[in-house]
Amino acid sequence: MTLNVLIVGAGICGPALAILLQKSNPQNNITIVERFPHLRSTGQQVDLKTQAPHILRKMGLMDEIKSRCVNETGLEMVDSEDKRIGYFGVAGSGELRPGLTSEHEIMRGDMVKVLYDASIKQDSELSANSERKTGLTYEFGQTVTALDQSADGVDVTFLSGQKGRYDLVVAADGQGSRTRRLAFGKEVSDAAFKTLGVHGGYFSIPRIQSEGSLARGHLAPGSRMIITRTSDRPVTGVLLFTTSTSPELRASYKKSIEEQKEAFSDIFRDSDWQADRLMAGLAVSDDFYAHEVGQIKMDRLSTGRVVLLGDAGYCPSPFTGLGTNLCLMGAYVLAGELARQQNDVLGALKSYEDKMRPFIDDCQKYSSGLLSLFFPSSRLGIWTLHQVIRAMSKVTSLFPQPQEGEHGKRIPEYPELKLKP
């Protein structure tokens, strides 16, 4: 059975799923809509660990990904005078240890570009080698405004006023998924967001000569955390985190980017580490974005023939470093079940959820209470945490590590996807 599939979102999940669906059946017709007018090249570094490298190898993309990985050699925690408190090195893709840097780190925009290019290339090759009338289509500046389901399909209305009918609609449009809201209702969609009590702001500034391949972290009084990541690139990524309960900060997310910048500047302008440089960079940055950090927890991942993929259905939060892993696992399992149960879309969606639940539960094991310990409000609290960081940085080799290949063995096998063994 060939499928007519609509994927909402051209980030990481959407193109990955398209590649896998077309590998399993070149006759599948796939449309990807993206509300932005072009491919989004911005975003912070993403980790490729646990199952992610194994899936990318199966897709034949790991070598290309490796060639674009950044050169981050670890995390250095520093005090207000730039003195090192502790150092955490690079963790292997299958290792569980304290720190920030994984063996494979890539800028989100580069990851999206690799998957997008691979999907276009594969579609062109399939078209050249067959007489198929269907294929892969990207539509930018387009999104979904209405969904009307029946037993055998979904009628979709787009922002442009166009309409289409699909066998399956995949919501791959991120943590704040508009498609999730349309399919499940505003109340269910809003309730799925579980805050971790942290607000994050992200932007880039010009690199300075003293910055090399180390990420740097600093704890500032007032429950603030600052991280910079240069990774031998021309610019430095800045990550600002706070547990502030400021109503102005939360309210700013519904306002303009400039007002969001001002809300973060109000909180961080008196921080005791690189404040002048960071705030000056924030004021003129053209890639700033911010959000309240949380997880998406849905009781079910599909309703009828609309299914949630990646952050839209099970965002684990940036602090886990497992969002990309879950996204790729989700795309792989969803495509695998659709290929295996070709004549039973609803059965495939149920199997997808059943197989993904253990991975989702593992990746979302994150305590907001534990997280709050890393945001001390006083200088005494920071001094105490510095002692903990010093001790942890000296004993990372004692942390238990998974056996080699353990994560790869947990990946379900789908011969129907026609991937590399």
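Which elements do the buried residues of α8 pack against? The legends below take that one up before moving on to other spots in this predicted model.

**View 1. Helix α8 and its packing partners.** Helix α8 covers residues 257–268. Its buried residues are Q260, K261, A263, F264, S265, I267 and F268. They pack against β12 (193–206), β14 (224–229), β15 (235–242), α7 (247–252), α9 (275–284) and β16 (289–296).

**View 2. Q274, in the loop between α8 and α9.** Have a look at the backbone here: Q274 isn't a glycine, yet it has a positive phi of about 55 degrees.

**View 3. Strand β9, paired with β8 and with β10.** Five of the six residues of β9 (residues 153–158) are buried, so the strand is largely enclosed by the rest of the structure. With β8 (residues 144–150), β9 pairs in the antiparallel sense over six bridges, and the two form a hairpin with two residues between them.

**View 4. I12 and its contacts from elsewhere in the chain.** I12 sits in the loop between β1 (4–8) and α1 (13–24). Is I12 buried or exposed? At 10% relative accessibility, I12 counts as buried. Setting aside neighbours within four places in sequence, I12 is in contact with R108, M111, V112, L115, T324, C327 and L328. Take C327: it's 315 residues away from I12 along the chain, but their C-alpha atoms are separated by 7.4 Å.

**View 5. S317, in the loop between α10 (311–314) and α11 (323–340).** Here's another residue other than glycine with a positive phi, this one near 90 degrees. S317 is buried as well, with a relative accessible area of 3%.

**View 6. A nonpolar surface patch made by L370, L373 and F374.** The patch comes to about 300 Å². L373 lies in the loop between α13 (368–372) and α14 (379–394). With a relative accessible area of 56%, L373 is exposed.

Notes
Residues are numbered from 1 along each chain as its sequence is written. This is a predicted model: local features need pLDDT of at least 70, side-chain atom pairs count only at pLDDT 80 or more; totals for chains, interfaces and linings use all residues. Side-chain values use heavy atoms; hydrogens and water are left out. Helices (H or I, at least four residues) and strands (E, at least two) are DSSP runs, numbered from the N terminus. The expected span of a helix is 1.5 Å times one less than its number of residues. Buried means under 20% relative accessible area, exposed over 50%, partly exposed in between (1.4 Å probe, protein chains only). Contact means heavy atoms within 4.5 Å. Patches are made of residues with over 30% relative accessible area and no salt bridge: like charges are joined within 9 Å, nonpolar side chains (Val, Leu, Ile, Met, Phe, Trp, Tyr) within 5 Å. Accessible areas come from the Shrake-Rupley method with a 1.4 Å probe; for residues, only the protein chains shown count as cover. A salt bridge is a side-chain nitrogen of Lys or Arg within 4 Å of a carboxyl oxygen of Asp or Glu. Two strands pair if DSSP finds at least two bridges between them.
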